[in-house]
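Keep the sequence and the 3D view open while you read.

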Amino acid sequence: SSVNYDVLRRWLMHSGYAVTFIRNITDIDDKIIAKSIAEQRPFWAIAYANELVLAADYAALGVLPPTYEPRATGHVPEMHELIKRLIDKGHAYVAADGSGDVYFDVRSFPEYGSLSGRRPSDMEPAADGPARAKRDPLDFALWKGTKPGDPAETAWPSPWGHGRPGWHIECSAMSWKYLGDEFDIHGGGHDIAFPHHENELAQSRGAGLGFARHWVHHALLNLGPTKMSKSLGNVITLTSLIEAGLRPAEVRYYLGTPHYRSTIDYSDEALREAAAAYRRIEGFVQRAEELVAARAAGPGRVPEPGEAGERGEASELGEADASGGLLPEAFVDAMNDDLNTSRAMAIVHDAVRHGNTLLASGETRTLVPVLREVRAMLGVFGLDPLDAQWASAISTAGSDSRNAIDALVSLALGQRDAARVRKDWSAADAIRDQLREAGVLVEDTPNGPRWTLSSEGGA
């Protein structure tokens, strides 16, 4: 979800919109409380530990930080205000059993089910219905009174007694606080369109708020026959992927290239193929940048890294981001067609193939606009290899190991060069093949050989 909405956000910004992006945090709910009791740890310690993990992963994947990132526990007064509005308007009621529970009256809201396309008459009651004082099994909790065994720190005072908020009211209150009575886009996985988003819509509209004008529901990342979910215990972490030799940019490419409404069936093979595809794009950008920089620097002078946009015919490369005019019309059309990232990335690959043809012919002037277009399109995806996010990233091996590998590969390449000087082509080819078997790909460029780690090799 984080990568999908980051691409959407970047596209909206490119299209000229000022985007206020809210990523709210549910730091109190039934699951967190159950874990708090089981582990004898405060709920806030568990929630904050998870928050730090998510923040680190978002940053590693190049996800832009949100405008605001509110926590549910910091907005209890706003939740109380919404609940009071709903009670006053006849859409909510306090349980008659003195428990302190407050429920939304689903039957009082005729539009209920419109978002998910469900009818109340076809819905199954929640599992907790018989044990709670609901008027109707379909009603859902806005405020949950304190129950025996609940940790003391999980309760807040309210007009209806000590307790805590229900999950759905948290999101309505926080969006109201930071985005106002009505806002443009609400997103999330299609697995929470019902009941979570349906309940949010009902309680917000019931309170007199316009709420979301548009909804964006993304498909899921599946591992086998089920979705990947922490609650199911089948999560593959970003850290484990990096330890297995993938780079965060490659993982971002894997997650961000399919259409957001397309399910991703995870496999190691598919991830490795995505990594190889991104490395082909990355290789073109790096080779093209080096060639253009070398031609701009002139004979007898080695350009400094990143200098391609600073001299002569390469001066326009400094604009190679997501600014207007650099993107092909077909790419713009694809992104405007319900964020068709799959078709847009196909256009990137077409441009890279054309650029590689130009590289082979040495047509530097023709290469410049192609390189600009490719980097502009990649910028929309947050995947420009020359962006500081990726250009300065530590390789999967770690800096010390990378330096050691670099020294060993340089030694092997020196032996290969010596073999080529004495025209011992079989020896030169053998060294290159041995490097490939070790997971090191060697490519000859106008500035000398360059090497990269294969996504499938042993290195």
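## The four-strand sheet

Four antiparallel strands make an open sheet, ordered β1-β2-β3-β4. Strands and helices here are DSSP runs numbered from the N terminus: E of at least two residues for strands, H or I of at least four for helices. Two strands pair if DSSP finds at least two bridges between them. The edges are β1 (92-94) and β4 (163-165), and each pairs on one side only. From one strand to the next, the twist averages 20°.

The model is predicted, so local features need pLDDT of at least 70 and side-chain atom pairs count only at pLDDT 80 or more, while totals for chains, interfaces and linings use all residues. Residues are numbered from 1 along each chain as its sequence is written, and side-chain values use heavy atoms, with hydrogens and water left out.

Within this sheet, β2 (residues 102-104) and β3 (residues 140-145) run antiparallel and are joined by three bridges. V102 has W143 of β3 as its bridge partner. Helix α4 (residues 76-88) packs on the sheet and touches β1, β2, β3 and β4. Contact means heavy atoms within 4.5 Å. The direction of α4 makes about 125° with that of β3. Such angles run from 0 to 180 degrees between N-to-C directions, and axes are lines fitted to C-alpha atoms, for helices over the stretch in contact.

Strands β5 (residues 182-189) and β6 (residues 211-218) run parallel, joined by seven bridges. G189 is partnered with H218 in β6.

## The three-strand sheet

A second open sheet has three strands in the order β8-β7-β9, with mixed pairing. β8 (226-227) and β9 (264-265) each have a single partner strand, so one side of each is left without a neighbour in the sheet. Two bridges connect β7 (residues 221-223) to β8, and these strands run antiparallel. N222 has K227 of β8 as its bridge partner.

## Two helix pairs

Helices α11 (residues 341-361) and α12 (residues 364-381) cross at roughly 155°, and their axes come within 10 Å. They are therefore roughly antiparallel. The cut-offs are under 35 degrees for roughly parallel, over 145 for roughly antiparallel, 65 to 115 for roughly perpendicular, and oblique for the rest. The contact includes A344, V348 and L358 of α11, and V370, V374 and F381 of α12. By class it has 14 nonpolar, four polar and no charged residues. Nonpolar covers Ala, Val, Leu, Ile, Met, Phe, Trp, Tyr, Cys and Pro; charged covers Asp, Glu, Lys and Arg; the others, Gly among them, are polar.

Helices α1 (residues 2-14) and α8 (residues 248-256) pack at about 85°, with axes 9 Å apart. These two are therefore roughly perpendicular. V3, N4, D6, V7 and R10 of α1 meet R252, L255 and G256 of α8. Three of these residues are nonpolar, two polar and three charged.

## Backbone exceptions

Most residues other than glycine have a negative phi, and most peptide bonds are trans. The bond from F194 to P195 is cis, with omega near 5°. P195 lies in helix α6. Q40 has a positive phi, near 55°. Q40 sits in the loop between α2 (30-39) and α3 (43-60).
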